[in-house]
Amino acid sequence: MKNSSPNSFQTFLYKPHEFIKPKSVELQTLVPYIHMASLSTPPPTTTTITTVNEGSATSISAVHSDILQTHILTRLDGPTLASAACTCSQLNTLSSQEPLWTNICNSTWPSTETPRIRHVISTFPNGPRSFFSDSFPLLTNLDLPNNSPQSHHNRTSELISAVDVYYKGNLVFSKVIETETVTGWFKCSPFRLDLLDPKDVVPTPIRLLDDDDDTCRDLEEHLELSWILIDPVGRRAMNVSSQKPVSVQRHWLSGEVHVRFATILAGDHHRGSSSEFVQCGVVITCGGSQGRGVLIKEMSLQAEDMDGIHLNGKESLVILQRAMEGKKGIKRREEEGRKRYQEFLERKKERKEMKLRTERRLDMLCVAFGVLGFATFWLFVLCR
């Protein structure tokens, strides 16, 4: 099936009646799924058998709607289902069913099965379709925001975090936390969301290898994270994880392994400022002994500017809410996430070097003025 553009993907998920112009779909593109459907028991309402010739182009209407809805569309993931819905009116109607998208959200993020998250998702404009549209794609809008107060008016009273950790495609850990954002403590303190209590540890089936470098490579290749921030008041959401780690490092003293996931967001409207771009980073701290299972000791989310300073809750909330309203695209999250993280590190390095150059110039000026003042003083004394 032909892939639709990112715009049509978003249009169907948020505005299902404004999808791209319908076009004929060749039945040949759905042959693999029709073949799988033929292995299942056909629906009772189907009384005729349609033979599909793979060498010919047949209209999609030749396939019974019950087969499409029950045996084919249920096998598709979210992006594929959205792309299929943008091809013709029949698939658009069948793909708009809420149970399809509820199952996709639950299978993609098991944390969404909790009653609290289910209720919040039901309040989104198009329910689970809108939630998937917000949470699955990667943020693509890194343009600096206009100096507009629009995003500052309707600040949410809480943030909900739906977190899922995977290793080699298998769920390792899942949890939902709620954070109040109206207290003075939240607004003035450094922004930090801790998923675990200080004394809690999470056992995992991951094994620590004999060599530390092998352990780091294994976690970098096979560990995945989804951290969805949900604004229940604004009915928007975003995934702040890069899906794959952007860095995995072992602490030289404690021996713990720090796995970092990151998303780079546009900060304030002042070009060249330290918060022009902000890193929204999740750090998973892992420990354990060799040959035994890895223990997750800590998992936290923080916002950091290009000077390495952590933003407070009030500043972070403004940036996060602005990002939730921004544009998203269906690029590969892991590749794009690493790329943007490296670009952020380069900007951070350039900014640090520029500050060092500025400080050196100031030091030279201070020395020059000191020498000049010293020479002037002795010249005045000698000439008296």
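**View 1. Helix α12, end to end.** Helix α12 (residues 313-324) runs for 12 residues and spans 16 Å from its first C-alpha to its last, close to the 16 Å expected at 1.5 Å a residue. That expected span is 1.5 Å times one less than the number of residues in the helix. Helices here are DSSP runs of H or I with at least four residues, strands are runs of E with at least two, and both are numbered from the N terminus. This is a predicted model, where local features need pLDDT of at least 70 and side-chain atom pairs count only at pLDDT 80 or more, while totals for chains, interfaces and linings use all residues. Residues are numbered from 1 along each chain as its sequence is written, and side-chain values use heavy atoms, with hydrogens and water left out.

Because 9 of its 12 residues are buried, α12 is largely enclosed by the rest of the structure. Buried means under 20% relative accessible area, exposed means over 50%, and partly exposed is in between (1.4 Å probe, protein chains only). Among the buried residues are Leu317, Val318, Ile319 and Leu320, along with Gln321 and Met324. Look at the start of α12 too: a side-chain oxygen of asparagine 312 gets to within 3.2 Å of the backbone nitrogen of lysine 314.

**View 2. Helix α6 meets helix α8.** The axes of α6 (residues 98-108) and α8 (residues 128-135) come within 8 Å and cross at roughly 40 degrees. The axes are lines fitted to C-alpha atoms, for helices over the stretch in contact, with angles running from 0 to 180 degrees between N-to-C directions. The two helices are therefore oblique to each other. For angles, under 35 degrees counts as roughly parallel, over 145 as roughly antiparallel, 65 to 115 as roughly perpendicular, and the rest as oblique. The crossing of α6 past α8 is left-handed, so the near helix is turned anticlockwise from the far one by less than a right angle (clockwise would be right-handed).

View 3. Arginine 217 pairs with aspartate 214 in a salt bridge, their closest N and O atoms being 2.3 Å apart. A salt bridge is a side-chain nitrogen of Lys or Arg within 4 Å of a carboxyl oxygen of Asp or Glu. By this rule the count comes to 11 salt bridges. Since they sit 3 residues apart in α11 (residues 212-222), arginine 217 and aspartate 214 are separated by about one helical turn. Arginine 217 is partly exposed at 43% relative accessibility, and aspartate 214 is partly exposed at 31%.

**View 4. From strand β6 to a loop.** Glutamate 224 and lysine 244 form a salt bridge, with the closest N and O atoms 3.6 Å apart. This one links distant parts of the chain: glutamate 224 is in strand β6 (residues 223-231), and lysine 244 is 20 residues apart from it, in the loop between β7 (236-239) and β8 (247-250). Glutamate 224 is partly exposed at 21% relative accessibility, whereas lysine 244 is buried at 15%.

**View 5. Helix α13 tied to strand β11.** Lysine 348 and glutamate 304 meet through their side chains in a salt bridge, 2.8 Å from N to O. Lysine 348 lies in α13 (residues 333-382) and glutamate 304 in β11 (residues 293-304), so the pair ties together parts that are 44 residues apart in sequence. Lysine 348 is partly exposed at 23% relative accessibility, but glutamate 304 is buried at 13%. Strand β11 also holds serine 300, which is buried at 3% relative accessibility.

Notes:
A polar contact is a pair of N or O atoms within 3.5 Å; within protein, one must be able to donate a hydrogen and the other to accept it, and residues adjacent in sequence count only if both atoms are side-chain atoms.
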